[in-house]
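Subject: Structure for you to look at

Hello,

Here is the structure I said I would pass on. Please open it first, then read the notes below it.

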Amino acid sequence: MSNRPQTLYGIADSPVGLAAWMIDHDIRSYLMIARVFDGKPEGLTRDDILDNVTLYWLTNTAVSSARLYWDTAQISTGGGFFDVRGVTIPVAVSAFPDELYQCPRSWAERAYPKLIHYNKVVKGGHFAAWEQPQLLSEEIRVGFRSLRAGMARAAA
């Protein structure tokens, strides 16, 4: 995706091609999706997988979702997604165990000087919002609770 993003236009030509691309994103995601079809639907169901492919297909957003990989390669200083870029807004990080790269706290602290939350969660991977939506929403709530509390005090 970062080397030749134009080749991804094939995923906009066929829903089967799109599904294959999504299933083959990375080995952990493949194993998570494949286990559903082996009768072990932990986290996902067949309908979840079909719904996700359908959402990308009907909104024609597979190619644009992959663009981030190419853009990151263009601005990287050698670390790709893992370059420290000095983000200065409040940041919450949830490290999912089946993610391609589980961000260590030490890196998160360097990358995000205003890190307000860091947590290693028990399950989930690259597609956490899809795989573990309840867990992700809880992490977002906990991660930004201090900001909500501050806004409530300011409004009062």
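A nonpolar core is a set of buried Ala, Val, Leu, Ile, Met, Phe, Trp, Tyr and Cys residues joined through side-chain atoms within 4.5 Å. A residue counts as buried when its relative accessible area is under 20%, and as exposed when that area is over 50%. Please keep in mind that this is a predicted model, and that the values below were computed from it.

Overall layout

The protein has eight helices and two strands. Going along the sequence, their order is α-α-α-α-β-α-β-α-α-α.

The nonpolar cores

Which residues make up the largest nonpolar core? There are ten: Val91, Val93, Ala95, Cys103, Trp107, Ala108, Ala111, Tyr112, Leu115 and Tyr118. Strand β1 (91-95), helix α5 (105-111) and strand β2 (115-120) each give two or more residues to this core. Another core lies apart from it and has eight residues, including Ile11, Val53, Ala62 and Ala66. As background, nonpolar side chains in soluble globular proteins tend to be buried together.

Ala95, one of the residues of the largest core, is found in strand β1. Ala95 counts as buried because its relative accessible area is 3%, below the 20% limit. Between the C-alpha atoms of Ala95 and Val121 there are 6.1 Å, with the two residues 26 apart along the chain.

Tyr112 also belongs to the largest core. Tyr112 and Leu18 are 94 residues apart in sequence, and their C-alpha atoms are 34 Å apart in space. Leu18 sits in helix α1 and is buried, with a relative accessibility of 1%.

The salt bridge

How many salt bridges does a search of the whole structure find? The search finds one. It joins the side chains of Glu109 and Arg105, with 2.9 Å from N to O. Both residues are in helix α5, four residues apart, which is about one turn of the helix.

His117 lies in strand β2. Its relative accessible area is 13%, so His117 is buried. The side chain of His117 makes a polar contact with the side chain of Glu139, at 3.0 Å.

The second largest pocket

The second largest pocket holds about 160 Å³ of space. Its lining consists of 13 residues, and those nearest its centre are Met32, Arg35, Asp98, Gly124 and Glu131. Which helix gives the most to this lining? Helix α2 (residues 27-37) does, with five residues. By type, the lining has six charged, five polar and two nonpolar residues.

Asp26 is in the loop between α1 (15-23) and α2. Asp26 is buried, because its relative accessible area is 9%. From C-alpha to C-alpha, Asp26 and Glu99 are 9.5 Å apart in space, while 73 residues separate them in sequence.

Asn60 is in the loop between α3 (46-59) and α4 (62-75). Most residues other than glycine have a negative phi. Asn60 is not a glycine, yet its phi is positive, at about 50°. With a relative accessible area of 55%, Asn60 is exposed.

Asp47 lies in helix α3. Asp47 is exposed, since its relative accessible area is 53%, above the 50% limit. Asp47 and Gly125 are 78 residues apart in sequence, and their C-alpha atoms are 19 Å apart in space.

Regards

Definitions and conventions:
Residues numbered from 1 in each chain as written. Predicted model: local features only at pLDDT ≥ 70, side-chain atom pairs only at ≥ 80, totals over all residues. Heavy atoms only, no water. 1 Å grid on protein atoms, 1.4 Å probe; cavity = no way out; pocket = protein on both sides within 12 Å on 5 of 7 lines; lining within 4 Å. Points joined across faces, edges and corners; volume = space filled by probe spheres on them. Nonpolar A, V, L, I, M, F, W, Y, C, P; charged D, E, K, R; others polar. Buried < 20%, exposed > 50% of the residue type's maximum accessible area, 1.4 Å probe, protein only. Salt bridge = Lys/Arg side-chain N within 4 Å of Asp/Glu carboxyl O. Polar contact = N/O pair within 3.5 Å; in protein donor to acceptor, adjacent residues only side chain to side chain.
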